[in-house]
Amino acid sequence: MRLVLLLVATGLCSAQYNPNTRPGRTSIVHLFEWRWDDIAEECERYLGPNGFGGVQISPPNENIVITNPNRPWWERYQPVSYKLCSRSGNEKQFRDMVTRCNNVGVYIYVDAVINHMCGSGGGAGTHSSCGTFFNAENRDFPAVPYSAWDFNDGKCRTGSGEIENYGDANQVRDCRLVSLLDLALEKDYVRGKIAEYMNNLINIGVAGFRLDAAKHMWPGDLKAISSRLNNLNTKWFPKDSRPFVFQEVIDLGGEGISVNEYFGIGRVTEFKYGAKLGTVIRKWNGEKMAYLRNWGEGWGFMPSDRALVFVDNHDNQRGHGAGGASILTFFDSRLYKMGVGFMLAHPYGFTRVMSSFSWPRNFVNGKDQNDWIGPPSNSDGSTKPVSINPDTTCGDNWVCEHRWRQIKNMVIFRNVVDGQPFTNWWDNESNQVAFGRGNKGFIVFNNDDWYMDVTLKTGLPSGTYCDVISGQKEGSHCTGRQIYVDNGGNARFQISNHDEDPFAAIHVNAKL
């Protein structure tokens, strides 16, 4: 028994669950399809000063260039090689971004596409982001190099070579996902090439990885690859720090693969989180915010210390992946801000904020015909710089939810209350709820169709606080509403159902 416990403890210590963010920084942001130059600037001018812990970036490796449709966002998920050149920038720009962001305490997490190469329909040629020759029909990727020996074609047991049944774990992991050439990750050579790519990124200074399509790879293969990864660069990270690993595993139940199989490698994306939270905040299926009292494991989610959570991601905001129409996005900005506010106030999981670009939606039979559209681009297909408006929002169809005052201030709220217990829950048995985080913060929501006027126990020290949703503390005054906490820790909250944002939040760093 003692040996078993020792082995379990060793496994937990060596696993890559620690996000490596600096102390006091508790969330990362996905700057989807941003250029490296723009991310470097954003780290210095906004993310660092506002307490963001890191950035998930789009895949940095060479990918196929697709012109029909014209440069879709998903071309980034079709690798041609592991060279660091994409429409976000070249290797020199990538290195500069990592250095500049690390220097201000904002770390970089790479979206690693290691399950497959580009689609078998990619043909032969040099239509790639670095101009490298490849021949997808012949499984020939000389810049890695990979050849026909390095793919799973002979292992897949379906007639089409594609995944045909998601209830069959063998198919999901050994056959092609939407025609993408499936790498044979059990081969030592392939594992070595992938580890070489990831170690190059670690040596440059990245803090960790999102493993794209992890569900389509055998946990044993991922374990073997992660065991080959170097410790993080000691220029920025403590000695013996391991890269943070979080794996994209969509598990809403009822399929052949479970998130539990991946806990030995690192954290896992909890797709139930955004799907369920969206259903509750939309008040669908009779759901009420009062039911969120036992949010987290009580809703059948994975353990908090294994979960990476988000309200939406780049897939499901387009109707891909998991969650369907319940997913909250920037298109539903009022509800979305409530969802993100709840996520950042609640202690469950490690949080990731989404930062998007907009596109003109065109629904036909419930399907968005424009879900492929890539980032704001110039006529030559190059990505436009992210323009910042005088009011600090973004222009040129960059949405930049992380710059919305309410979301940025809740990222700060989460930092302030980090480590504090979940306390002082209150609800009206409907859609008005409130809860505290120890003696550091308190948040109140009115998602009902009537006015809210309640006095609640906050657990905070007495004094006058600035609500960080309607405004914030600037110098010695509040730009939004003030909330007074009496000597008993109680405060009166008046929130109209017609308010721009029908919720309020206070914390000890926003006290006058």
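Which residues does the UniProt annotation "domain: Glycosyl hydrolase family 13 catalytic" cover? According to that unreviewed entry, the annotation covers residues 26–414; such annotations may be inferred rather than shown by experiment.

This is a predicted model, in which local features need pLDDT of at least 70 and side-chain atom pairs count only at pLDDT 80 or more, while totals for chains, interfaces and linings use all residues. Residues are numbered from 1 along each chain as its sequence is written, and side-chain values use heavy atoms, with hydrogens and water left out.

**Exercise 1.** Describe the link between Cys 85 and Cys 130.

*Solution.* Start from the rule that a disulfide is a pair of cysteine sulfur atoms within 2.5 Å; the sulfur atoms of Cys 85 and Cys 130 are 1.3 Å apart, and the two form a disulfide. Next, the torsion about their S-S bond is about 105 degrees, so the disulfide is right-handed. Finally, Cys 85 counts as buried at 16% relative accessibility, where buried means under 20% relative accessible area, exposed over 50% and partly exposed in between (1.4 Å probe, protein chains only), whereas Cys 130, at 28%, counts as partly exposed.
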